[in-house]
Amino acid sequence: MATGLNAEQHSAVKTLNGPLLVLAGAGTGKTRVITFRIAELIQSGITPSRILALTFTNKAAKEMRERAMKLLGKRPRNILPPEISTFHSLCVRILRRHITRLGYPKEFVIYDRGDQEALARNALRDIRVGQEKLRPSDLINKISGWKTLSVSPSKAVDVSTDDKDQLAAAAYVRYQAALKSSGALDFDDLLMLTEELFEKFPEVRFAESSRHDHVLIDEYQDTNGLQYRIVKHLAQAHGNLCVVGDDDQSIYGWRGAEVTHILNFARHWPKAKVVRLQQNYRSKAAILELANTLIVNNKSRHDKQLFAEREGGAAPRFIRFDDETKEAEEVVRDVRDQLTPSSDRPRVVPSDIAILFRTNEQPRVFELELRRAKIPYVIVGGLSFFDRKEVRDIMAYLRVIANPKDELSLLRVLNTPPRGIGTGSIETLLEHAVEKGVPLWTVLGASLTHPDIGHHTGERIVQFQNLMLSFQSQLGKGSLADLAKELLSSVNYKAELERTYKTATEIESRTASLEELVNSLAQYEQQAENPSLLGFLEEASLTSKDDYKDEDENKKKNALTLMTLHSAKGLEFPHVYLVGVEEGIMPHRRSLLEGTVEEERRLCYVGVTRAQDHLTISFCKERMKWGKARACIPSRFIMEMRGDNEKAERVAQAALEQFTKEKHEEEERKAPKKVSKKASSKAKKPASPAVKKKA
DNA sequence: CCCTGCGCTTTTTTT
DNA sequence: AAGCGCAGGG
């Protein structure tokens with residue numbers, strides 16, 4: 001079975017029992033080892049379904065599933081396959097079985113990042129401490145951090161000492177209350193409640209941990225505290241836990257991932273066997289050398305040195321451009337050159353090429369150029385299908401139909417498209433609902449008799465509710481795709497699009513995404529064993545959006561890839577363009593101020609080690625920011641890769657100086673307001689960080 | 001209640 | 001540059 005493996009890989013694959021830590025450097029055949037190991041376990045007589053393999057993305061899970069199946073060949077249909085899924089999907093399955101014990105409904109919905117933003121925005125409304133305020137995204141990160149530590153809202157209020165934390169804690173209380181009353185869970189809840197179940201109910205822990213005899217985890221360096229504890233529960237009984245990862249590729253520290261989990265694995269599992277994979281099969285020596293030179297600048301890491309199996313290779317290019325437009329133009333021109341058939345080198349197709357960047361705003365310019373050059377491309381992540389306004393609208397309708405308690409969605413669709421239900425009436429209803437302590441949905445009917453709501457408006461609200469009710473009664477009867485189509489026509493959404501958007505192309509593209517939504521419903525119904533609206537919604541929020549709408553798989557197969565470094569982890573391409581390698585972007589300015597440059601360096605390392613044959617690193621002299629051109633400093637990582645540490649040091653100094661100065665300027669800009677406001681306001685703000693709420 | 005337009009803020013990565 | 005909130009006219 002295990003053929004073509006080197007000695008280290010062989011050892012990892014053949015160690016079937018007990019704890020096993022595989023420290024696998026970039027490009028050392030990590031995925032191969034996991035899949036071979038799964039196959040080996042099955043060969044040795046383990047029932048496939050008793051194996052649980054966990055990944056961080058659906059894409060990785062899907063790929064692993066396919067590879068394992070291929071390795072195993074045809075299996076009788078009545079034998080269940082190994083369970084290969086993401087942490088989050090696993091938790092959803094566990095919760096669906098036991099969550100009622102925690103007082104949550106079995107039919108919970110999952111709120112994604114967009115919903116979280118909306119909730120956070122609401123929760124922060126009217127909350128401030130003096131002049132301090134919090135951005136929704138910061139609140140979300142903060143809450144996520146608390147949840148990772150299993151800190152409840154009330155506990156957060158207790159433990160918060162500084163102003164910002166107190167403020168966040170107050171918002172956390174509201175945020176969590178809103179989630180609960182909507183019958184919704186966010187991503188962190190999925191993990192947190194699973195742990196709670198395991199802690200509170202030994203029988204649940206027993207039942208769930210008895211389902212498997214072997215647990216494997218990919219990208220272990222990115223596990224956070226919750227995931228770590230869940231895994232511990234799952235593997236405690238049998239101890240057959242195999243984790244695979246690379247501390248140099250830990251790039252999710254901001255999400256609570258702790259490298260210590262992988263660094264201390266041998267301590268937590270004293271019997272653990274440790275295997276190191278250090279032979280890199282992916283990159284040409286010239287590229288790997290660059291990566292090695294870069295990463296040794298990190299102080300906290302397992303000391304290791306990767307060896308290139310593929311000698312030589314073209315020297316990586318470092319190119320400077322005038323600005324981001326030039327960068328996109330020239331990179332795309334270079335891509336086109338590469339794609340042009342030539343007799344003196346092997347053929348290159350778009351799917352051999354990836355353009356990698358740090359932030360999600362960077363691809364815009366590249367998209368434009370690629371379209372102009374007629375090169376097929378896919379953008380991974382970023383503004384995805386499910387983030388488009390029209391799709392979110394319709395999804396909100398579907399959610400209200402599936403779960404009328406979902407207040408966020410209800411508020412979104414109540415007057416979308418405009419149907420004469422104004423903010424005034426909605427406020428009144430909300431107050432009424434809060435008074436009675438029931439969901440907003442329940443009081444909709446009362447709007448006809450409510451003194452503060454006009455008769456006309458009341459009628460329209462009831463009409464809306466009846467429409468939703470009629471769709472609810474259709475659930476389980478006909479096809480979901482048909483229901484969605486009917487929904488679109490009965491709320492006249494297309495007319496709304498035509499009214500809102502001016503250009504024909506925009507209307508067309510928005511209409512197209514609605515069609516796509518209907519198609520994905522149809523597709524879901526076809527492939528799901530037991531299709532339900534709730535099931536579709538669950539899949540839509542959990543599945544990383546890109547592999548979700550695989551409508552034209554073929555087109556995708558031949559497309560160039562645009563993606564962030566975070567999304568690129570685990571992938572490889574013959575040609576890689578790493579763009580925007582400048583101080584402030586990579587390392588990101590925020591990391592400089594927060595002292596997390598080492599993680600940025602690992603990010604850069606991940607980028608460099610994605611390349612198999614050709615690597616191009618580029619940076620700009622200046623870049624547009626908020627409509628203004630700003631000078632850019634080439635990243636210290638570039639100097640480090642070239643071995644000029646002195647210059648890197650100077651650059652680091654200069655960048656830190658510049659960004660701290662900017663930060664000060666920003667604060668200055670805000671300060672005068674503070675003074676004038678204080679002067680003009682009648683009552684002075686409380687000195688203690690008391691949370692002010694408007695009634 | 002709906003729409004438009006003005007001014008103000010925006011600064012990361014993702015399941 | 002772009003999205004959001006808010007004020008003011010229909």
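What follows is a chat about the predicted model shown above.

Visitor: Hi! What should I know about the model before we start?
Guide: It is a predicted model, where local features need pLDDT of at least 70, side-chain atom pairs count only at pLDDT 80 or more, and totals for chains, interfaces and linings use all residues. Residues are numbered from 1 along each chain as its sequence is written, chains are lettered from A and ligands numbered from 1 in the order in which they are written, and side-chain values use heavy atoms, with hydrogens and water left out.

Visitor: Thanks. How many helices and strands does chain A have?
Guide: There are 32 helices and 18 strands in chain A. Both are DSSP runs numbered from the N terminus: H or I with at least four residues for helices, E with at least two for strands.

Visitor: And what is the radius of gyration of chain A?
Guide: For chain A it is 27 Å, close to the 26 Å that the globule rule gives for 695 residues, so the chain is as compact as a globular protein of that length. The radius is taken over C-alpha atoms, and the rule is 2.2 Å times the number of residues to the power 0.38. Along the principal axes, the C-alpha atoms fill a box of roughly 80 × 65 × 55 Å.

Visitor: What share of the residues is buried?
Guide: Buried residues are 51% of the 695 in chain A. Buried means under 20% relative accessible area, exposed over 50%, and partly exposed in between, using a 1.4 Å probe and protein chains only.

Visitor: Let's turn to sheets. What is the strand order in the open sheet of six strands?
Guide: The order is β3-β2-β6-β7-β1-β8, with parallel pairing. Two strands pair if DSSP finds at least two bridges between them.

Visitor: Which strands stand at the edges?
Guide: Those are β3 (83–86) and β8 (273–277); each has a single partner strand, so one side of each is left without a neighbour in the sheet. From one strand to the next, the twist averages 15°. Axes here are lines fitted to C-alpha atoms, for helices over the stretch in contact, and angles run from 0 to 180 degrees between N-to-C directions.

Visitor: How many bridges join β2 and β3?
Guide: Four, in the parallel sense, with β2 covering residues 51–55. Thr55 has Thr86 in β3 as its bridge partner.

Visitor: Which strands does helix α4 lie across?
Guide: Helix α4 (residues 87–98) lies across β2, β3 and β6, at about 105° to β3. Helix α1 (residues 7–14) lies across β1 (20–24) and β8, running at about 145° to β8.

Visitor: New topic: is Glu219 buried or exposed?
Guide: Glu219 counts as buried, at 10% relative accessibility. Its place is the loop between β6 (214–217) and α11 (225–235). Not counting residues up to four places away in sequence, Glu219 touches Lys30, Phe56, Val244, Lys569 and Gly570, where contact means heavy atoms within 4.5 Å.

Visitor: Where is Tyr397?
Guide: Tyr397 is in helix α17 (residues 389–402) and is buried, with a relative accessible area of 0%. Leaving aside neighbours within four places in sequence, its contacts include Val413, Phe464 and Leu487.

Visitor: Last one: how many disulfides are in the whole structure?
Guide: Zero, from a search of the whole structure; a disulfide is a pair of cysteine sulfur atoms within 2.5 Å. For Cys242, the nearest cysteine sulfur is that of Cys91, 19 Å away. Cys242 counts as buried, at 1% relative accessibility. For Cys632, the nearest cysteine sulfur belongs to Cys620, 6.4 Å away.
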